[in-house]
Amino acid sequence: MVYATTDKEKNPMVLGLKPLPTKSGQDSLEALINLLGEISESTGNKELGDQLIVKLKNTRSDRAATEKKFNELLQEYREGILKKLTDDFENMSKKQIDNVIKMNNFFCGLHLLVSKFS
């Protein structure tokens, strides 16, 4: 699994490449959490991984069930971190909370095109 992001200027960065024991959404999430833990450890900032998770607002993947499950698990994990790191989370309105925790999942349609025209 390759984990990539962009900075504020939209420059691409690869966070890491991790082998996965299976393609399950849970294994993918654990690999991401471990990778972010390694980044946090190497920088000496124990909360950096959590801070990066909080910044995630969008994912992109194919339409496989395992990818959809990963997105669901990531959103749940991220919501738990947001509750911990966001000031006054418990005092926010339902609309504010929904806005903060919302993630967008974009799915690639290339597999559909390739199989249709092959």
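Q: What distance separates the C-alpha atoms of F107 and D62?
A: F107 has its place in strand β4 (residues 104-107), where helices (H or I, at least four residues) and strands (E, at least two) are DSSP runs numbered from the N terminus. D62 is one of the residues in contact with F107. Although the two residues are 45 residues apart along the chain, the separation of their C-alpha atoms is 5.1 Å.

Q: Is T59 buried or exposed?
A: T59 lies in strand β3, which covers residues 58-61. A residue counts as buried under 20% relative accessible area, as exposed over 50%, and as partly exposed in between, with a 1.4 Å probe and protein chains only. The relative accessible area of T59 is 13%, so T59 is buried.

Q: Which residue's side chain is joined to that of T59 by a polar contact of 2.6 Å?
A: Leaving aside neighbours within four places in sequence, T59 is in contact with N71, L74, M103, N104, N105 and F106. A polar contact is a pair of N or O atoms within 3.5 Å; within protein, one must be able to donate a hydrogen and the other to accept it, and residues adjacent in sequence count only if both atoms are side-chain atoms. At 2.6 Å, the side chain that makes such a contact with that of T59 belongs to N105.

Q: How many salt bridges are there?
A: A salt bridge here is a side-chain nitrogen of Lys or Arg within 4 Å of a carboxyl oxygen of Asp or Glu. Among them is the pair K69 and E72, whose closest N and O atoms are 3.1 Å apart, and also the pair K83 and E79, where the closest N and O atoms are 3.8 Å apart. By this rule, the number of salt bridges is 4.

Q: How many residues apart in sequence are the parts that the pair D50 and K84 ties together?
A: D50 and K84 form a salt bridge in which the closest N and O atoms are 3.2 Å apart. Since D50 lies in helix α2 (residues 48-55) and K84 in helix α3 (residues 65-85), the pair ties together parts whose separation in sequence is 34 residues.

Q: What relative accessible area does K84 have?
A: The two partners of this salt bridge can be taken in turn. D50 is buried, with a relative accessible area of 17%. K84, in contrast, is exposed, and its relative accessible area is 58%.

Q: In which helix do K69 and E72 both lie?
A: K69 is partly exposed at a relative accessible area of 38%, and E72 is partly exposed at 40%. The two residues are 3 residues apart, which is about one turn of the helix, and both lie in helix α3.

Q: Which residues of α2 are buried?
A: What covers the buried residues of this helix includes α1 and α3. The buried residues of α2 themselves are L48, G49, D50 and I53.

Q: How many Å does helix α1 reach from its first C-alpha to its last?
A: Helix α1 (residues 25-43) has 19 residues, and its buried residues include L29, L32, L35 and I39. The expected span of a helix is 1.5 Å times one less than its number of residues. For α1 this gives 27 Å, and the computed reach is close to that value, at 27 Å.

Q: Which element has the lowest mean pLDDT?
A: The protein as a whole has a mean pLDDT of 85, and 90% of its residues reach 70 or more. Where pLDDT is low, the predicted coordinates should not be read in detail. Among the elements, helix α4 (residues 94-101) has the highest mean pLDDT, 91, while the lowest, 61, belongs to helix α5 (residues 110-117).

How values were computed: Residues numbered from 1 in each chain as written. Predicted model: local features only at pLDDT ≥ 70, side-chain atom pairs only at ≥ 80, totals over all residues. Heavy atoms only, no water. Contact = heavy atoms within 4.5 Å. pLDDT = per-residue confidence, 0-100.
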